Amino acid sequence: MAAAAIFSSLRRRRSPSLEAFLAPVDLSNVALVQTLGIVATELVSRFSEKSFFFQRRNSRSLIRKLEVCLVFLDCLKDIDATLPHTALLCLKELYLLLYRSKILLDYCSESSKLWLLLQNQTISGHFNDLNLELLTFLDVFPLEEVELGVDVREQVELLQKQLRRTRMFVDEHVETLRTRFLSFLDEFENGRLPNQRELREFFVDKLGIRNAKSCRTEIEFLEEQIVNHDGDVEPTVAVLNGFVAFTRYSRFFLFGFEEDDIDSGAANQKKLKKNLIMQEIADTFLTIPRDFCCPISLDLMKDPVIISTGQTYDRSSITRWLEEGHNTCPKSGQMLVHTRLAPNRALGNLIMQWCIAHGVPYDPPEGMDASVESYAMASPTRAALEANRATAMILIQQLSIGSQDAKTIAAREIRLLAKTGKENRAFIAEAGAIPHLQKLLTSPNPVAQENSVTAMLNLSIYDKNKSLIMREVGCLGSITEVLRSGHSTEARENAAATLFSLSAVHDYKKRIAEEGGAVEALAGLLRDGTPRGKKDAVTALFNLSTHTENCIRMIDAGAVTALVEALGNEGVAEEAAGALALVVRQPIGAEAVGKDERAVAGLMAMMRCGTPRGKENAVAALLELCRSGGAATTEQVFKAPALAGLLQMLLFTGTKRARRKAASLARVFQRCEQVTMHYAYASNSTPNRDSSFPSEVSVPISISVPVV
């Protein structure tokens, strides 16, 4: 990382500060010269025998110049007199120059061949920059004021002359290769597939990339450059994506499905498990800003629209509300003047930017502002799309007729290909990948199962693919079976995440809940899973709870009990409270939650110590519990200790929604208090009452309710 940061500054022609390499600047002249000698010796010895595939001439030339610098420094160490102040300043600059040389030589020896090919002219420019800096050092250094040996002085003066004559060297042979590399991309851009013989000559004969493993290394390096890309550096991300797509296609077209880093046994499990989940789906540990969530579904809005009252909803949710015959605003209750929906582009742009900044998969709706698309990601070039499409066809063919190892590799590559871009997800599904991936879900090979379920998850992010998955006979059942008894923890967690993704469509929530064992498995994962597994399970259960007909199923499957237990887990308590707030809207749900003694206590604990969103959900759940649970449940909540103080705190310090819910709950209690006091008065007025027993006394809750 440090090397990348330093070279990044070098690329932009900005030198890092001297303090980055010289911690104490008060080194004596002897110590400074000795330190420089150590650095130069290490640099020369390390790179003298190093093999450079590209930039060979520039690298060897720089190393020879540094060897002269080392001789010069060895001579300075033997000088007893104190060096002039100007000489010390120059030596400190030399220290920086040596480290920049080290970073550049490291970069040329360790970077991928394709990346060095693309950066050939730029890197040649960096070598020329170092030559100019070394010439400046020798010109400024007070050579006449320092006693140097005759032979050393001659070498230094000769180096000065050579540096003055040096011009930037760009290897023409490498430039020819770079032009050929670019021409392959042009062929894809024009809808043509490159010739196999020419591809083999380029990769195998010219670049020495002779097998699938070497090709995979090249792809991973290019992908790393995309992740760390600076906006002002060529090539652009869009072009780099094209090169990655082309190289991936060439890997399978030339080398087939050789076993590279896939092992059907257990030896490679640890490495795969570490990287399998990387950016596959949204970081489920993020808290979505409340303003980005639809007030109806409580999900992240994909297409925010404004209705006549000025409130914003997700288009699919408010459309369904209107189709059900409602003519009021769900949030405010106001009558709608008209039912036209106006896109809230400003909010849509903010949601898009937030998703990209946090790595949350997001497919923008059709017709979204082009400027937002450009902010989010570089639009894939036609070359990238065509190369990926051609690769997908090869992969799906192997899923169909390949060996078990080939199918495992193909599933992994489809998973990677479906990580980004709705275009990729669309044509992979259209080409028929889903039925073949479904078959791998039941594979006895843990790696194959894990790759296939994760590929299914990535494909499901694209809304149109959700229907293809749900329509595929047995697919939902296979995903559920992986959730119940998958070979690995990651497979079970990704199966839960897939159900969460599919349940974003309202019509599928009931089908998922009715799938045998699905809700039970989610409840089990919520109880006993890893932190990430619990998060996947609770978000899936939250989605299912938004469908009113799922309440009984969730109660019978033990999901409601699991949600109550989850109130004590800080990582998932917020979502658990939100799901319970939806469940208790129905009397049967309120009854089930009210019977659990831990429910009220857990919700109150969240009101006391939870996140702002968690406090909202907790007070909302208590309010709905009182509204739907009847007098007995309301009394149970009413008698909870310290509730009055918590409500008072929320009324003045909570979010807008929390204050509104707290005020409503306070009014419920005030009405309850009046009824209780009336009952107590009536009991005291009854004739023949035994005065030896005190009448029941209701302690009033005094809460001032501000206007919210």
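Me: Which residue just after H8 takes a positive phi?
Reply: This is a predicted model, where local features need pLDDT of at least 70, side-chain atom pairs count only at pLDDT 80 or more, and totals for chains, interfaces and linings use all residues. Residues are numbered from 1 along each chain as its sequence is written, and side-chain values use heavy atoms, with hydrogens and water left out. Helices (H or I, at least four residues) and strands (E, at least two) are DSSP runs, numbered from the N terminus. Just after H8, a positive phi of about 80° is taken by Gly-191.

Me: How far apart are the end C-alpha atoms of helix H8?
Reply: The expected span of a helix is 1.5 Å times one less than its number of residues. Helix H8 covers residues 172–189, 18 residues, and so should span 26 Å. The model agrees with this, as the end C-alpha atoms of H8 lie apart by 25 Å.

Me: Is Phe-181 buried or exposed?
Reply: A residue is buried under 20% relative accessible area, exposed over 50% and partly exposed in between (1.4 Å probe, protein chains only). The buried residues of H8 include Phe-181, Phe-184 and Phe-188. With 0% relative accessibility, Phe-181 counts as buried.

Me: How are the rings of Phe-181 and Phe-202 arranged, and at what angle are their planes?
Reply: Rings of Phe, Tyr and Trp (its six-membered ring) pair if their centres lie within 6.5 Å; planes under 30 degrees apart count as stacked, over 60 as edge-to-face and the rest as tilted. The whole structure has 16 aromatic pairs. In one of them, the centres of the Phe-181 and Phe-202 rings are 5.6 Å apart, and the pair is stacked because the angle of the planes is 20°.

Me: Which helices hold Phe-181 and Phe-202?
Reply: The pair ties together parts that are 21 residues apart in sequence. Phe-202 is also buried, at a relative accessible area of 3%. Phe-181 and Phe-202 belong, respectively, to helix H8 and helix H9.

Me: Which residues does Asn-120 touch, not counting those up to four places away in sequence?
Reply: Contact means heavy atoms within 4.5 Å. Asn-120 lies in helix H6 and is buried, with a relative accessible area of 2%. The residues Asn-120 touches are Gln-55, Val-170, Asp-171, Val-174, Glu-175 and Arg-178.

Me: Where does Gln-55 lie?
Reply: Gln-55 has a phi near 60°, which is positive although the residue is not glycine. Its relative accessible area is 8%, so Gln-55 is buried. Gln-55 sits in the loop between helix H2 (29–47) and helix H3 (56–77).

Me: Which residues have the most contacts inside the largest nonpolar core?
Reply: A nonpolar core is a set of buried Ala, Val, Leu, Ile, Met, Phe, Trp, Tyr and Cys residues joined through side-chain atoms within 4.5 Å. The largest one has 191 residues, and its largest share, 12 residues, comes from helix H4 (residues 85–110). Those with the most contacts inside this core are Leu-76, Leu-91 and Phe-141.
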